[in-house]
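Try each task before you read its solution.

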Amino acid sequence: MPKVTVDGVELDVPQGATVLQACELAGKEIPRFCYHERLSIAGNCRMCLVEVSPGPPKPQASCALPTAEGQVIKTDSPMVKKAREGVMEFLLINHPLDCPICDQGGECDLQDQSVAYGRGATRYDENKRAVTEKYMGPIVKTVMTRCIQCTRCVRFAEEVAGVEDIGAIGRGENMQITSYLERAVASELSGNVIDLCPVGALTSKPYAFEARPWELTKTLGIDMMDAVGTNVRIDARGRQVLRVLPRVNDDVNEEWASDKTRHHVDGLIRRRLDQPYVRKDGALQPATWAEAFEAIKAANAGASVAAIAGDMADCETMFAAKALVNALGGNLLEGRQTGLDYDVTSLSAVNFNTTIAEAENADVILLVGTNLRWEAPLINTRVRKAAWKKGAKVFGIGAETDLTYKVEWLGNDASLVAKLPKAALDALKGAERPMLIFGGGALSVPGVHGAALDLAKSVGAIKDGWNGFNVVHFSAARMGSLMLGYGLPGGIRDVVAAKPKLAFFLGADEVDFTNFADTLKVYVGHHGDKGAHAADVILPAAAWTEKDFTTVNTEGRVQRSDKAVFAPGDAREDWSIFRALADTLGVSVGFDSFDACRAAMVAVVPALGVEGLADYGWAPPKLPAKPDAREIPSPIKDFYLTNAICRASPTMNRCSEEILHGADYAEAAE
Amino acid sequence: MADAPQIPDETEVRARWGAFAWTAENAEKAKSIIARYPAGRQRSAVMPLLDLAQRQVGAETQTQGWLPVPVIEYVAAQLDMPYMRAYEVVTFYTMYNLVPVGRYHVQVCGTTPCLLRGSDDVMAACKNRGMTKGKTTPDGLFTLTEVECMGTCTNAPMVQINDDNFEDLDYDSMTRILEALAAGEQPKTGTQNPKRLTSDPEGGPTSLKDMVSANHDYRKEW
C-alpha cells in the first residue's frame, strides 16, 4: 500500500495502482481520452499529464505511471495546466469545428474537456488534415476526420470483442483508424465502440441526426433481447424510444451491450399491433376491445385454457396470465415454445449457477451445444476473458463456431457428455474452478441433462464457494417463467395433448401453431409477427419499453425495468388486459392495479420481490443419463432476427443480411 | 497524403494473387525465419516474412515486388495472426509496397543533408528520364519515390534503388546510373565520387590524421 500525496492530501493507494487511479481516489478529476478502465493502457493521448516528484522535471502521463511510495503528485500546478492546454491544442489542430452537425455533440469528451482544460482559442491557421470515411458496417457511422487516434476502438475490438478487424494503418500524421479493408466489423458487440469513442468519429448509424442528448428522457431498464439481462438506459423523446445504451453493472454486462440490445429499437415503432383484431370468415378484422373480449368469452372454454409465454414475456405479464388461467380453473402453463422439455423440478439444475461475473475466473471450461456468442454475447465476453486473458482451457462439444477464443472442439455428438475424452476429463478434474456450460440446444437432446449433472458431480464442479454447473438460456423470459411455474413435464407437448379450447400466447411467435388447430388462439403481444398471423384474437399489448416489469436473467438475477414510453394506439399494458378480460369471463384475478399485481406475484413467488440473485439451492434431480448419440441442434439460426421486435427492425434486418449473409451494402451507404 | 494508399482493385488482385504460396526455396527460408523466434511468438516473424513475400512477388513479376492483399493474408495465416495486424505492419513501413512498383524502385532522399548537397538535381535527372513521383514509368522500368533520410548523410545526396545505395550523386552520375539500369547493366554501387572509397573524406582525412597509421592516443592533447 504505497502512500502518496495528491495535491497536498496524503492517502494510501492499492499496490500497483496507477497515478491516475490514485488521483481519482483522492477525488481529483484527471482528463483522459485513451485511458479506459476496462481496456489495456495505451498512454497515447497525453491528456492525463500530471506533475510527479520524484521524477523527471516534466509532466508525466498518469495513466501509465505506477504509484510509488512517497510520490508527490500535483494535478493543479501551473505546469499541469500548461501541459493540458498544450495537449488539447495539439488534439484540436486537426479536429474539425463541426460540433453543430456532430452527433456526439452534448456528450463528447473532447467538447467537455476542451471547455474545461483548453486554451479557449486556437493559434493554428494552417490547413487541417482531412480523412475519408471508413466503412465499418451497418451499426457504426464514421467521420474519421474527427478521430484523435486514442485507439480505444482498436483495443476494444481486440480485447473484449475478440474480433481483430479494427486497426490503425499508416504512420505519423497519416495514421488512420479503419476496419480491415473497410469491411463491416463482424462482431455482435461492434456498437460498443460508439460509446467508447471519446469524440464523434464513431457514431451510431441508425441514430444519426435523430436527437440531441439533452432532448431525451432517460429511463433505466433491463434489456429483453437475450437472457443476460443487460442493464440499459432507454433514451426516448416524446413517445418514441430513440436509442438504448448500456449502463454499468459489473455483475451482469460490465458496460457493454450487444448490437441487438442497442439497435432493435427501430423495430419498436414498426409492425405494431395498436388495436384488437378478431378473425372473422378466415381473416383478421379490426375490432374493439369489447368485441375481442366477447369473442374470447364465446369460446366457452371453461377450464380448458392454456397460456404459453414468449421469449420476451416479463414476470408480471406471465403472472397475470397465470392468475387468469388459474381463476378459470386451468393449469396449462408453458414457456418453452419450441418444444424443450428438460426437467425443471429444481431450478438450480437449469440455472447459470457460476454467475456471469464469476465466469471469468473459471480455469477449465466445457461448452456443450451452445453458440455462446449468439446465445449470450456478454457471457461470451466473460468466457473470452477467462480464456484469453487468464489462460483458461476451453473445450467444446457441438457445432464448431468461432467464439473469438481458442476452443478445443471434441466433436458434435451429444453422447460425448457421458464419455468425455480423457484429456478433457482430466483437465476438468484437475481444475480448481471447472465450469460446464450447457446451451438450450444441448438440453433438447434426451439424456444430456442427466449426463450433464452427473458430469458436474464426477469432475467436482460443485464445491465450497464454487458451482460450475451452468445452463445458458437465450430467452429473457425463461428463468422468470420457470419460477412462475410455466413448465410442464412434457413441455409444450403436454399443452397440445390437453387440446385446450382457449390458449393465450404471450408474445409467443415460435410455437408450431398447426398443433393448435382446434384452439381459440389469443395472441397477447405487441408485434404483428408469426404469432399474430396465426391468432384468432389479437389483444395489443405493450413492448418491454412500455411497461414496468420484473425479469430474471439466466443466472437467476431478479431485475426491474421501468416504463419509458406509452404503448401505441389502443394497446394496453399486459397485466391490465388480463384484469379486464377476467371481468368479461366472470372470474377474479385478485388485483386491480399494477402494484397489486406485482404484490400478488411476490406473494406467490417471494424471490421475485427481491432484486438480485435468487437462491435456488443446489438440489440436482436424478435424471436418465444416457444421451443419444446425435448432433446437437442450434436454437438460433440468425442472431439478429431472434424475436418479433428484431424482425420488425430495419437495422437488425440489415445486420443480418450484411454480416451473416454477406450482402453488399458498402456502396449503398455512400 | 492524408488518405490511405489506393489499393488496387480487390477482385482483380484476388484473382491474380489468391493462389499465392511460397516457392519450395522460400518455404524453407520462411521455416528457418519462424524458427528464430520462441514457440508461441511466431508473430514476431511477420516483418522478415513479408519482405520474403514481397521479394517472391517481385521475382514472379520481374519487378521490385509489392504486397497484394491476398499475399499479406497468406503470411498472416501462416503466423496465425489476424489479417488486420499484418496489414497494419505493411502500411506502417515504407519498404513494403502496397501498390505494384517497377523493375527498379528509385527512392530519392530529399531530407536536409541530401537537399543541401543537391538532391534536387538527382530528382531532376529522374524526372528527365520520364519518371513522376509516386508513379511507375509506362515501360514498367522505374518507380520514383521521394523518401526521408536513409542514414547515408556523409555521402549525400543518395538514392536507394532496390537493394543498392548510390551515393555522392549529381545530375550526370544519376543519369548514367539510370541509363545503365535501363540497358540491363549493373552500375557501380556505393559512392559515385571516384576520389572516395566509402564514406571516407575526399582527399584524405582532415581530422584524427594520426589515427591513419597507428592507434594514436589523443587524450593528452585535449
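The exercises below go from a whole chain to single contacts.

This is a predicted model, in which local features need pLDDT of at least 70 and side-chain atom pairs count only at pLDDT 80 or more, while totals for chains, interfaces and linings use all residues. Residues are numbered from 1 along each chain as its sequence is written, and chains are lettered from A and ligands numbered from 1 in the order in which they are written.

**Exercise 1. Describe the overall build of chain A.**

Step 1: Start with secondary structure. Chain A holds 20 helices and 29 strands; helices (H or I, at least four residues) and strands (E, at least two) are DSSP runs, numbered from the N terminus.

Step 2: Check the dimensions. The C-alpha trace of chain A spans about 85 × 60 × 50 Å along its principal axes.

Step 3: Look inside. Of the 670 residues in chain A, 56% are buried. A residue is buried if 20 or more other C-beta atoms lie within 10 Å of its own, exposed if 12 or fewer, and partly exposed in between, with C-beta atoms placed from the backbone.

**Exercise 2. Trace the open sheet β27-β28-β29 of chain A.**

Step 1: The three strands pair in the antiparallel sense; two strands pair if DSSP finds at least two bridges between them.

Step 2: Locate the edges. β27 (549–552) and β29 (612–613) of chain A each pair on one side only.

Step 3: Follow a pairing. Strand β28 (residues 557–561) of chain A joins β29(A) over two bridges, and A:Arg557 has A:Leu613 in β29(A) as its bridge partner.

**Exercise 3. Work out how α7(B) packs against α8(B).**

Step 1: Get the geometry. Helix α7 (residues 119–128) and helix α8 (residues 171–182) of chain B pack at an angle of about 35°, with their axes 8 Å apart. Axes are lines fitted to C-alpha atoms, for helices over the stretch in contact, and angles run from 0 to 180 degrees between N-to-C directions.

Step 2: List the residues. From α7(B), B:Asp121, B:Val122, B:Ala124, B:Ala125 and B:Cys126 meet B:Tyr171, B:Met174, B:Thr175 and B:Leu178 of α8(B). Residues are in contact if their C-beta atoms, placed from the backbone, lie within 7 Å.

Step 3: Sort them. This contact comprises seven nonpolar residues, one polar and one charged. Ala, Val, Leu, Ile, Met, Phe, Trp, Tyr, Cys and Pro count as nonpolar, Asp, Glu, Lys and Arg as charged, and the others, Gly among them, as polar.

**Exercise 4. Describe where chains A and B meet.**

Step 1: Chain A brings 16 residues to the contact, and chain B brings 13 residues.

Step 2: On the side of chain A, strand β7 (residues 166–169) gives the most, with four residues.

Step 3: That side of chain A divides into seven nonpolar, five polar and four charged residues.

Key
Two residues are in contact if their C-beta atoms, placed from the backbone, lie within 7 Å.
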